[in-house]
Amino acid sequence: MRRIRARAALGALALAALTTATATACSHPLRDLGPLPPRFSGPPMSADTAVGEMTAVLAAEGIVVRREPSNLNGMCSERLSGHHAQETVAAAFKAALARARSEHGWQDDPNMGWESQNLLRKGNWTVVAGFSGDSGPGPQALVLVSLNCVDAGEGAATAPAPSSPSLAPAPAAS
């Protein structure tokens, strides 16, 4: 009987030591480090502002695009598409992105994990831009610009979200 009690006491002591060690080892990672940093820098931009800036820099280089809103199911994204002469699209496209960086403050997006001059970021918006320069003997190259917001914030969406049916009772008629 004494051996059983001794083993139980030794087991309880070992369990207490293990619990203390675990609590001590895990307490450091569980401390509060404060709020998370914002997912983007600068004030949030509206979709109209982001689209307007990209449309302006492309138009300044002779690339005319049209807006195709794709703000579906609460996703905050826009798409611009257009055509430009195949012979000069590469130079015009490169100049337009350089203009976006210099005149409007767009920056290369370092968070994508690969080197590309066609990924830009400003505020809460990320731009992926490209063109089909090797599309064959056609006279026009297709230019596509996709804008996606990181965090919609207020006013980032182009149109208000569709309202859900009201569950509140209607006011009584008097």
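Predicted model: local features only at pLDDT ≥ 70, side-chain atom pairs only at ≥ 80, totals over all residues.
Visitor: How do you know that the span of H3 agrees with its 16 residues?
Guide: At 1.5 Å a residue, taken for one less than the number of residues, H3 should span 22 Å, and because its end C-alpha atoms are 21 Å apart, the two values agree.

Visitor: What makes the buried residues of H3 lie on the same side?
Guide: The buried residues are Val-89, Ala-92, Phe-93, Ala-96, Leu-97 and Ala-100, and they cover an arc of only 135° around the axis, which puts them on the same side of H3. On the other side of H3, Ala-91, Lys-94, Ser-102 and Glu-103 are exposed.

Visitor: Which elements do the buried residues of H3 pack against?
Guide: They pack against helix H2 (47-60) and against the strands S2 (77-85), S4 (119-122), S5 and S6 (140-149).

Visitor: Why is the aromatic pair called edge-to-face?
Guide: The structure holds one aromatic pair, formed by Phe-93 and Phe-131, with 5.1 Å centre to centre and 65° between the planes. The centres therefore lie within the 6.5 Å needed for a pair, and the angle is over 60 degrees, so the pair counts as edge-to-face. This pair links distant parts of the chain, with Phe-93 in helix H3 and Phe-131 in strand S5, 38 residues apart.

Key. Residues numbered from 1 in each chain as written. Heavy atoms only, no water. Phe/Tyr/Trp six-rings, centres within 6.5 Å; stacked < 30°, edge-to-face > 60°. Helix = DSSP H or I, 4+ residues; strand = E, 2+ residues; numbered from the N terminus. Buried < 20%, exposed > 50% of the residue type's maximum accessible area, 1.4 Å probe, protein only. Arc of directions from axis to C-beta. Contact = heavy atoms within 4.5 Å.
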